[in-house]
Amino acid sequence: MNISQKIKIGREHKNMTQADLAKTSGVPIDSIKRYERVDSNITITNLVKIAQALEVDLNFFYEEYHTPTTIPAQSMPHLPHSPTPQHTIKYYPNIRVSAGYGIANFEEEFELIDATFLNTFNLANVKNLEMVQVQGDSMLPYIEDGEFIILERKSDFKNGEIIVFNLNDNIYIKQALRIPNQNKISCISKNPLFPSFDIEGDDLNKMQLIGILRAKIKRF
């Protein structure tokens with residue numbers, strides 16, 4: 001059963017029309033109609049709004065994702081309600097993390113979104129988590145262009161971790177390696193078509209660690 005089918009099941013369980021769901025969630029009705037088609041794409045922001053309107057947590061859309069598309073009516077999945085109080089994390093819709101050559105980011109507005117889906121990644125009890133979107137192909141095949149990532153805000157990293165950092169007002173995501181006996185950090189691109197680069201000298205003082213990669217979510 002895919003996400004499109006679960007949106008329709010959740011809507012019908014609440015006795016809502018597509019227009020009702022659009023009004024309650026704030027997602028345009030044309031998008032609702034498109035999302036209920038199998039071939040639709042849905043942003044994580046709108047999926048969160050739909051989940052809140054249907055009074056389910058995001059786990060409802062991701063659990064048993066590969067189950068058969070046809071199931072008996074008596075075995076319809078139970079719609080779990082979101083816990084109270086609701087656990088939230090910050091999502092920055094206007095910031096893109098560069099898996100490439102750097103992206104200037106200036107708009108730091110954020111939305112608080114329901115984070116109960118973090119249970120899927122065993123991150124429910126981890127503090128200081130935030131979500132942003134990746135742009136670029138330098139971390140392929142590990143991280144794809146358009147994927148969302150969950151970051152843990154930290155002031156330091158372990159050798160070999162994938163980190164997000166700010167350097168000269170550009171935000172990057174790279175695998176970070178401290179070179180023994182050398183005062184520099186190598187920033188590794190997973191995709192061989194993109195060169196890795198070193199941060200050394202004065203740039204080490206300019207580098208600002210934003211967070212450590214803890215999970216990634218494909219864009220549906």
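Visitor: Which residues does I150 touch, not counting residues up to four places away in sequence?

Guide: A contact means heavy atoms within 4.5 Å. I150 touches I89, F117, L118, L123, L129, E130, M131, I212, L213, R214, A215 and I217. Note what you are reading: this is a predicted model, in which local features need pLDDT of at least 70, side-chain atom pairs count only at pLDDT 80 or more, and totals for chains, interfaces and linings use all residues. Residues are numbered from 1 along each chain as its sequence is written, and side-chain values use heavy atoms, with hydrogens and water left out.

Visitor: Which residues touch the most other members of the largest nonpolar core?

Guide: First the term. A nonpolar core is a set of buried Ala, Val, Leu, Ile, Met, Phe, Trp, Tyr and Cys residues joined through side-chain atoms within 4.5 Å. Buried means under 20% relative accessible area, exposed over 50%, and partly exposed in between, with a 1.4 Å probe and protein chains only. In soluble globular proteins, nonpolar side chains tend to be buried together. Here the largest core has 32 residues, and I50, F61, I89, M131 and I150 touch the most other members. Helix α4 gives the most to this core, with 7 residues. Apart from it lies another core, of 16 residues, including A99, M139, I143 and I162.

Visitor: Where is V48 found, and is V48 buried or exposed?

Guide: V48 is found in helix α4, residues 44–54. Helices (H or I, at least four residues) and strands (E, at least two) are DSSP runs, numbered from the N terminus. V48 counts as buried because its relative accessibility is 3%. V48 and I113 are 65 residues apart along the chain, yet their C-alpha atoms are separated by 6.7 Å.

Visitor: How many helices and strands are in the whole chain?

Guide: The protein chain has 6 helices and 9 strands. Of its 220 residues, 47% count as buried. Take the contacts with a separation of 6 or more: residues 24 or more positions apart account for 61% of them.

Visitor: Which side chains does E130 reach by polar contacts?

Guide: A polar contact is a pair of N or O atoms within 3.5 Å; within protein, one must be able to donate a hydrogen and the other to accept it, and residues adjacent in sequence count only if both atoms are side-chain atoms. The side chain of E130 makes one of 3.4 Å with that of Y92, and another of 3.0 Å with that of R153. E130 is found in strand β3, residues 129–135. E130 counts as buried, because its relative accessibility is 11%. Among the residues E130 touches, beyond those up to four places away in sequence, are I89, K90, I149 and L151.

Visitor: Why is strand β5 largely enclosed by the rest of the structure?

Guide: Because 6 of the 6 residues of β5 (residues 162–167) are buried. In a regular strand the side chains alternate between the two faces of the sheet. In β5, I162, V164 and N166 point one way, I163, F165 and L167 point the other way, and all are buried.

Visitor: Which strands pair with β5?

Guide: Two strands pair if DSSP finds at least two bridges between them. β5 and β6 (residues 170–178) pair in the antiparallel sense over 6 bridges. Across that pairing, N166 stands opposite I171 in β6. The two strands form a hairpin with 2 residues between them, and N168 in the turn has a positive phi of about 55°. β5 also runs antiparallel to β9 (residues 208–217), joined by 4 bridges. There F165 stands opposite L209.

Visitor: Which other residues have a positive phi although not a glycine?

Guide: N15 is one, with a phi of about 55°. N15 lies in the loop between α1 and α2 (18–25), and counts as exposed because its relative accessibility is 71%. N128 is another, at about 60°. N128 lies in the loop between β2 (111–114) and β3, and counts as exposed at 54% relative accessibility.

Visitor: Where is there a cis peptide bond?

Guide: Between L140 and P141, where omega is about 0°. P141 lies in the loop between β3 and β4 (148–152).
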